[in-house]
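Please look over the sequence and the 3D structure below before reading on. The paragraphs that follow start from one side chain and then widen the view.

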Amino acid sequence: MGILEIFSKRQEKSKDVAKERLKLVLVHDRADLSPRLLELIKNDIIDVISNYAEIDIPDIDIKMTKTTKEGDNRPVSALIANIPIKKIKNRDDL
Amino acid sequence: MEKGNKGISIVVTSGKGGVGKTTTSANIGTGLAMQGYSVVVLDADIGLRNLDVVMGLENRIVYDIVDVVNKNCKLKQALIKDKRHEKLFLLPAAQTKDKTAVSTSQMVELVNELKEQYDYIIIDSPAGIEQGFQYSIAGADEAIIVTTPEVSAVRDADRVIGILEANEIYQPKLIINRIRQDMVKRGDMMTIDDILDILAVKLLGIVPDDENVVVSTNRGEPVVMDEKAISGRAYRNIVKRIIGEEVELLNLDEINQGRFSKMMKLFFGR
């Protein structure tokens, strides 16, 4: 590998690293929920939904975020859950 | 603003220390006075008084905010008139160690009294989010958040925005301080948009990293009075936005072209 090649090999820009790290840390800062509490909530949600559907557990994404209410500028915290459903259970099984 | 109308109180805060709260407070206060408004800049950083030295008024202090709330003196006696601007006053912090020397209700009462007589009350908040900070925001109608383009400062800014909202001070406005455009260009400093994207607040202004700020602070003359300094222009723009004028953001690329780089351009065409 020539010297030019070493220099031209672009590392990720440090400002992008900063931004990504900030975004992650703020998710937890903003929620007054500890990661442990979030984990408990997640497990309960999984239990409930599993009664009705088969879900893709490793792909579940649950996080706290901030949003604004419609027609109102006041910010509110929101729990966003993205739960991939593989299959709805047959009604007869319920 | 006509007499009899109520003034507006604005707290300048950041969470993290050392990002330029006091400099910002001094410059906004002075800038508003330059526009003809009557202004009180209130140093709420009890125990770590600094607004007086930044404004060059440290030799005139007789009474301070603790004297006022304890009724050791009248409010008017504690207000220090600025050297250069007729309608600009400083209410100094006390140098006592006791950060709880002023209570939240005393602060609200004090700010309300000031609002009766002055157009703008600029409150310089202490760093941190403890009691001192809590009482500094108590009397504020609006908030200005100061941050620098660093992860620690932005993180703390976000925290403070949350606390302000919890205290019913909504939609604080952001000042991004000490931007270094050369680093932004290299991708080594977050851009204005990066920071706005993360914090989701409205931008009040940007201030480039400028050594004139240090020089002017050395002299006790806020840089907003310096016609030539780029940071002075940045603060004048911020002041205009506060009073409701629409001013375009500084073009930081243009700024970096000092005399030297213009010459380089002339000779080398780049």
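The side chain of S231(B) makes a polar contact with the side chain of D210(B) at 2.7 Å. A polar contact is a pair of N or O atoms within 3.5 Å; within protein, one must be able to donate a hydrogen and the other to accept it, and residues adjacent in sequence count only if both atoms are side-chain atoms. This is a predicted model, in which local features need pLDDT of at least 70 and side-chain atom pairs count only at pLDDT 80 or more, while totals for chains, interfaces and linings use all residues. Residues are numbered from 1 along each chain as its sequence is written, chains are lettered from A and ligands numbered from 1 in the order in which they are written, and side-chain values use heavy atoms, with hydrogens and water left out.

S231(B) is part of helix α11 (residues 230–242) of chain B. Helices (H or I, at least four residues) and strands (E, at least two) are DSSP runs, numbered from the N terminus. Is S231(B) buried or exposed? With a relative accessibility of 0%, S231(B) is buried. Buried means under 20% relative accessible area, exposed over 50%, and partly exposed in between, with a 1.4 Å probe and protein chains only. Apart from neighbours within four places in sequence, S231(B) is in contact with V207(B), P208(B), D210(B), N212(B), V213(B) and V223(B). Contact here means heavy atoms within 4.5 Å.

Chain B as a whole has 13 helices and eight strands. Of its 270 residues, 54% are buried. Among the contacts in chain B with a separation of 6 or more, 75% are between residues 24 or more positions apart.

Next come the charged pairs. A salt bridge is a side-chain nitrogen of Lys or Arg within 4 Å of a carboxyl oxygen of Asp or Glu. Over all chains, the count by this rule is 14 salt bridges. In chain A, E54(A) and K87(A) meet in one of them, at 4.0 Å from N to O. This pair links distant parts of the chain: E54(A) is in strand β1 (residues 53–55) and K87(A) in strand β4 (residues 85–88), 33 residues apart. E54(A) counts as partly exposed because its relative accessibility is 38%.

K15(A) and D16(A) also form a salt bridge, with their closest N and O atoms 3.5 Å apart. K15(A) counts as buried at 14% relative accessibility, whereas D16(A) is partly exposed at 28%. In chain B, R180(B) pairs with D182(B) in a salt bridge at 3.1 Å between the closest N and O atoms. Elsewhere, salt bridges that share partners join K15(A), D16(A), K19(A), K23(A), D194(B) and D197(B) into one network.

The size of an interface is often given as the accessible area lost when the parts come together. Between chain A and chain B the buried area (the accessible area, with a 1.4 Å probe, that two parts lose on being put together, summed over both) is about 1,600 Å². In chain A, K15(A), K19(A) and L22(A) lose the most area to chain B, together 33% of what that side buries. The contact takes 16 residues from chain A and 20 residues from chain B.

How many salt bridges are counted between chain A and chain B? The count is four. D197(B) forms a salt bridge with K19(A), the closest N and O atoms being 3.0 Å apart. Helix α2 (residues 14–30) of chain A gives the most to the side of chain A that touches chain B, with ten residues.
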